[in-house]
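Me: I have a structure open and want to learn how to read it. Can we go feature by feature?

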Amino acid sequence: GKIMQINVKHVITALKELKTLPLKDKSQLLSHIFFKNIHNKLFLQVSDGRIFKSIEIAFKGKILECDCDYVELSKFLNIVDEDYITIVSNMATITLSTTEQRIELEQFKEEGSESPFLFNQMLSAKIDTEITISDSVFNAIDVNNPKFELNGMLIDLGNKALVSTDTRRLAVEYKDFTVTGNENTQQLIIPKKALIGCSSIKDIKFNKNFISFINNKGVSVRTELIAGKYPEYQRIIPKEKKVSIEVNGLELKKVLKKVKAKDLQIKHKNDFMYIAYYDSSKTVDIAKIACQYSSSLELKYALSAIYLYDAITENEVVLKINDYNLPIVLESPHLKSIIMPIIVDKECIDIGEIVSDLCMKKSTFKYNLSASTPRKESTVRISDAKVIRELTDEIKYLKQQLISKPSNKLISRKKVA
């Protein structure tokens with residue numbers, strides 16, 4: 001059989017990058033990793049039948065073509081304490097060995113099945129520019145949506161933009177790239193699975209049904225495009241706005257990191273942004289951030305903290321808002337995000353007004369709720385009348401303390417639950 005040596009560390013690194021595709025399947029085709037000679041270079045490749053991922057690795061000796069079970073190969077590499085392993089390939093088996101260890105694995109031999117390296121599509125068009133993909137765009141791609149187009153990222157060739165939506169948020173990132181070739185298509189919808197683990201793609205070639213590219217990890221990806229027409233996303237973007245709010249993105253992200261899985265209730269007043277939320281111990285937290293607010297009106301609305309966090313990619317962000325129940329636009333130089341608000345009672349943000357004068361002295365304020373009435377966190381709302389009533393009474397007491405005995409420390413008369 002053919003013999004070759006490969007560096008253990010190189011293979012382990014390659015396996016980590018290729019693991020982004022599901023490799024557990026009854027068919028050996030989808031659970032095996034393949035070694036392949038492509039233009040006198042050795043590549044490792046995996047496939048799920050629609051997406052093909054491969055990565056080049058260093059080798060010594062003869063280039064061979066073989067395959068073995070991904071899981072078994074990983075297990076063997078984990079117990080190897082040498083720099084190189086030797087591969088011997090025969091017709092039905094592949095032997096992996098070091099000076100002290102040896103394992104023999106069965107090769108993929110299923111008649112009638114196509115080789116996972118069979119990708120003979122003519123890709124006549126290309127994008128010459130490397131395209132970065134922000135977390136805002138990637139995270140907004142939906143998963144398992146019956147409308148299959150939403151399970152991928154759109155490259156809008158006409159408007160030169162990357163687009164994604166999960167129906168609750170929309171991300172549009174504008175790019176400067178050049179398309180060459182005569183493909184009669186304006187939309188490329190790339191499956192989310194093909195983009196996992198990468199922040200940029202280059203050497204992009206495509207036709208109306210397929211696309212290939214190399215990601216920032218050096219992985220070559222070839223995949224079918226998602227068929228269908230992407231929704232007319234530009235119709236969703238509000239063309240007018242009542243108010244604009246400029247806020248420091250870094251400061252806002254610091255707050256959002258603490259409550260990334262929570263819903264937020266937000267109020268803008270006097271060039272300050274008040275963010276109210278419940279923490280894991282059912283404590284009402286209110287954070288205050290300076291902003292530039294273009295209106296004398298008080299503005300209140302509620303948003304998902306995760307969606308707001310994902311939408312911030314720049315130091316300076318502009319929020320454009322029409323009303324508490326209409327889509328909210330976040331703009332930075334190259335990214336536009338539209339987030340659907342959480343529809344709640346307008347009065348639910350009154351907590352921000354109650355503590356606004358105290359927030360002038362502190363950047364955050366905490367109030368611990370009484371545990372006399374047990375409730376599930378999922379049902380707790382800042383708009384609860386009992387919560388507002390308790391908080392109002394407590395703030396009055398704290399205000400009296402502040403007036404009679406000014407101090408940086410405010411001592412609650414209630415015990416922490």
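**Reading the model**

Reply: Start with a loop. Aspartate 271 lies in the loop between β21 (263-269) and β22 (272-278). Keep in mind that this is a predicted model.

Me: Is aspartate 271 buried, partly exposed or exposed?

Reply: The class follows from the relative accessible area: buried is under 20%, exposed is over 50%, and partly exposed is in between. Aspartate 271 has 40% relative accessibility, so it counts as partly exposed.

Me: Where is aspartate 203, and what is its phi?

Reply: Aspartate 203 sits in strand β17 (residues 200-206). Its phi is positive, about 50°, and it is not a glycine. Its relative accessible area is 46%, so aspartate 203 is partly exposed.

Me: Which loop holds glycine 158?

Reply: The loop between β12 (152-156) and β13 (161-165). Glycine 158 is partly exposed because its relative accessible area is 46%. Now look across the chain. Glycine 158 and threonine 185 are 27 residues apart in sequence, and their C-alpha atoms are separated by 9.2 Å.

Me: Zoom out. How many helices and strands does the protein have?

Reply: Eight helices and 28 strands. The protein has 417 residues, and 48% of them count as buried. The accessible surface is about 21,800 Å², with 49% of it belonging to carbon and sulfur atoms.

Me: What share of the contacts between residues at least 6 apart in sequence joins residues at least 24 apart?

Reply: In this protein, 64%.

Me: How should I read a nonpolar core?

Reply: In soluble globular proteins, nonpolar side chains tend to be buried together. Here the largest nonpolar core has 58 residues, and Ile190 and Leu195 have the most contacts inside it. Helix α1 (residues 8-18) gives the largest share of this core, five residues. Apart from this core lies another, of 32 residues, including Leu252, Leu256, Ala287 and Tyr301.

Me: Which residues is isoleucine 190 in contact with, leaving aside its neighbours within four places in sequence?

Reply: Gly152, Met153, Ile155, Leu195, Ile201, Ile211, Phe213 and Leu225.

Me: Now empty space. What is the idea?

Reply: Rolling a probe the size of a water molecule over the atoms shows where empty space is left. A cavity is space where the probe fits but cannot get out, whereas a pocket is open. In this model there are three cavities of 30 Å³ or more.

Me: What is the volume of the largest cavity, and which residues line it?

Reply: About 50 Å³. The lining of the largest cavity is Ser136, Ala140, Arg169, Leu170, Ala171, Tyr307, Asp310, Ala311, Ser337 and Ile339. The elements that give two or more residues to this lining are β14 (169-174), α5 (305-311) and β27 (335-339). By type, the lining divides into six nonpolar, two polar and two charged residues.

Me: And for an open site, what is the volume of the second largest pocket?

Reply: About 370 Å³. The second largest pocket is lined by 17 residues, and the closest to its centre are Phe148, Asn151, Pro191, Lys193 and Ile226.

Me: How do the residues of that lining divide by type?

Reply: For the second largest pocket, into nine nonpolar, three polar and five charged.

How values were computed
Residues are numbered from 1 along each chain as its sequence is written. This is a predicted model: local features need pLDDT of at least 70, side-chain atom pairs count only at pLDDT 80 or more; totals for chains, interfaces and linings use all residues. Side-chain values use heavy atoms; hydrogens and water are left out. On a 1 Å grid over the protein atoms alone, a cavity is a set of points where a 1.4 Å probe fits but cannot get out, and a pocket is an open set with protein on both sides within 12 Å along at least five of seven lines; lining residues have an atom within 4 Å of a point. Grid points are joined across faces, edges and corners, and a volume is the space filled by probe spheres set on the points. Ala, Val, Leu, Ile, Met, Phe, Trp, Tyr, Cys and Pro count as nonpolar, Asp, Glu, Lys and Arg as charged, and the others, Gly among them, as polar. A nonpolar core is a set of buried Ala, Val, Leu, Ile, Met, Phe, Trp, Tyr and Cys residues joined through side-chain atoms within 4.5 Å. Buried means under 20% relative accessible area, exposed over 50%, partly exposed in between (1.4 Å probe, protein chains only). Helices (H or I, at least four residues) and strands (E, at least two) are DSSP runs, numbered from the N terminus. Contact means heavy atoms within 4.5 Å. Accessible areas come from the Shrake-Rupley method with a 1.4 Å probe; for residues, only the protein chains shown count as cover.
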